[in-house]
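Please keep the sequence and the 3D view at hand while reading.

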Amino acid sequence: MDKFIENLQEMFTFKNVIWPDVWTAIYETLYMTYISTVFTFIFGLIIGILLFLTSRGKSKASSIAYSVLAFIVNLFRAVPFIILILLLIPFTSIIMNTISGVKGALPALIIGAAPFYARLVEIALKEIDKGVIEAVESMGANTWTLINKVLIPESLPALISGITVTAIALVGSTAIAGVIGAGGLGNLAYLVGFTRSQNDVILVATIAILIIVFLIQWIGDMIVKHVDKR
């Protein structure tokens, strides 16, 4: 009982917390989340639109293209993130010149999240009124016009909600990446807090992650309210 009380006192006095290290870890987490979210949005949007368009195609080529693309998306979604990091080590080393630190985590973060977001994009596009799409197509609109004038504007609130969910998932992924040396709050919580039995460091890292998640959700909700004209 005395040991438990002592641990609680240590946890809430933060005597082991080195605040400059905490701010650095927060910056690294925010950096990884921001960069990976931007690229996930770009790649996921492209893949999601391709999934939607090929799923509507009447030709055999469209059907084959959809099947291949869907298989690749499902394959990368099925691989656990920590295993994906290990599988991508040769690829990461080639394009980033390193397999550790913040830069070393980015390829796995993006490749792991883009397929997930692509499925959310596909779902959002399938919720658009088919009559609107058919009306635009009957007027002779090409694929680019359909995407630019109908698909993205009509599904924008859902697309933003989807990237908000994905960004929050990426915060969790950065914590996992941190455990194997990518930096950030996960690295701080594990290498400093857990391995040295410094519970106050783990608590601070956890609180920081929660604040980041709440902020991302709040920002996403505000943007959705702004763009949703329904």
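In which hand does α7 pass α8 in their crossing? The crossing of α7 past α8 is right-handed. The model discussed here is a predicted one.

**The chain as a whole**

- From the N terminus on, the order of elements in the protein chain is α-α-α-α-α-α-α-α-α-α.
- The C-alpha trace of the protein chain spans about 75 × 45 × 30 Å along its principal axes.
- The protein chain has 230 residues, of which 40% count as buried.
- Among contacts in the protein chain with a separation of 6 or more, 75% are between residues 24 or more positions apart.

**How helices are compared**

- The description of two packed helices rests on the angle between their axes and the distance between the axes.

**Helices α7 and α8**

- Helix α7 covers residues 130-138, and helix α8 covers residues 143-182.
- The axes of α7 and α8 come within 11 Å and cross at roughly 155°.
- Because angles over 145 degrees count as roughly antiparallel, α7 is roughly antiparallel to α8.
- On the α7 side, the contact is made by Val 132, Ile 133, Val 136 and Glu 137, and on the α8 side by Leu 146, Val 150 and Leu 151.
- Sorted by class, the residues of this contact between α7 and α8 are six nonpolar, no polar and one charged.

**Helices α8 and α10**

- Helices α8 and α10 pack with their axes 9 Å apart and at an angle of about 170°.
- This angle makes α8 roughly antiparallel to α10.
- Helix α8 contributes Leu 156, Pro 157, Ile 160, Ser 161, Thr 164, Ala 167, Ile 168, Val 171 and Ala 175 to the contact.
- Helix α10 contributes Ile 209, Ile 212, Val 213, Ile 216, Gln 217, Gly 220, Ile 223, Val 224 and Val 227 to the contact.
- The contact of α8 with α10 comprises 14 nonpolar, four polar and no charged residues.

**Helix α10 on its own**

- Helix α10 runs over residues 199-227, which is 29 residues.
- At 1.5 Å a residue, α10 should span 42 Å, and its end C-alpha atoms are 42 Å apart, so the two values agree.
- The buried residues of α10 are Asp 200, Val 201, Val 204, Ala 205, Ala 208, Ile 212, Val 213, Ile 216, Gly 220 and Val 224.
- As background for reading such a list, an α-helix has 3.6 residues a turn, so residues three or four places apart point the same way.

**Helices α2 and α6**

- The axes of helix α2 (residues 19-56) and helix α6 (residues 101-126) come within 5 Å and cross at roughly 40°.
- That angle makes α2 oblique to α6.
- The crossing of α2 and α6 is right-handed.
- In the contact of α2 with α6 there are 22 nonpolar, five polar and four charged residues.

**Two buried residues**

- Thr 166 is located in helix α8.
- Is Thr 166 buried or exposed? Its relative accessibility is 1%, so Thr 166 counts as buried.
- Apart from neighbours within four places in sequence, Thr 166 is in contact with Thr 40, Ala 113, Phe 116, Tyr 117 and Leu 120.
- Ile 35 is located in helix α2.
- With a relative accessibility of 19%, Ile 35 counts as buried, because the cut-off for buried is under 20%.
- Ile 35 and Asn 148 are 113 residues apart in sequence, and their C-alpha atoms are 24 Å apart in space.

- As a general rule, most residues other than glycine have a negative phi.
- Asn 97 is a residue other than glycine with a positive phi, near 65°.
- Asn 97 lies in the loop between α5 (89-96) and α6, and Asn 97 is exposed, with a relative accessible area of 71%.
- Ser 197 also is not a glycine, and its phi is positive at about 55°.
- Ser 197 is found in the loop between α9 (184-194) and α10, and at 54% relative accessibility Ser 197 counts as exposed.

Methods
Residues numbered from 1 in each chain as written. Predicted model: local features only at pLDDT ≥ 70, side-chain atom pairs only at ≥ 80, totals over all residues. Heavy atoms only, no water. Axes fitted to C-alpha atoms, helices over the stretch in contact; angles between N-to-C directions. Helix = DSSP H or I, 4+ residues; strand = E, 2+ residues; numbered from the N terminus. Parallel < 35°, antiparallel > 145°, perpendicular 65-115°, else oblique. Left-handed = near helix turned anticlockwise from the far one by under 90°. Nonpolar A, V, L, I, M, F, W, Y, C, P; charged D, E, K, R; others polar. Expected span 1.5 Å × (residues − 1). Buried < 20%, exposed > 50% of the residue type's maximum accessible area, 1.4 Å probe, protein only. Contact = heavy atoms within 4.5 Å.
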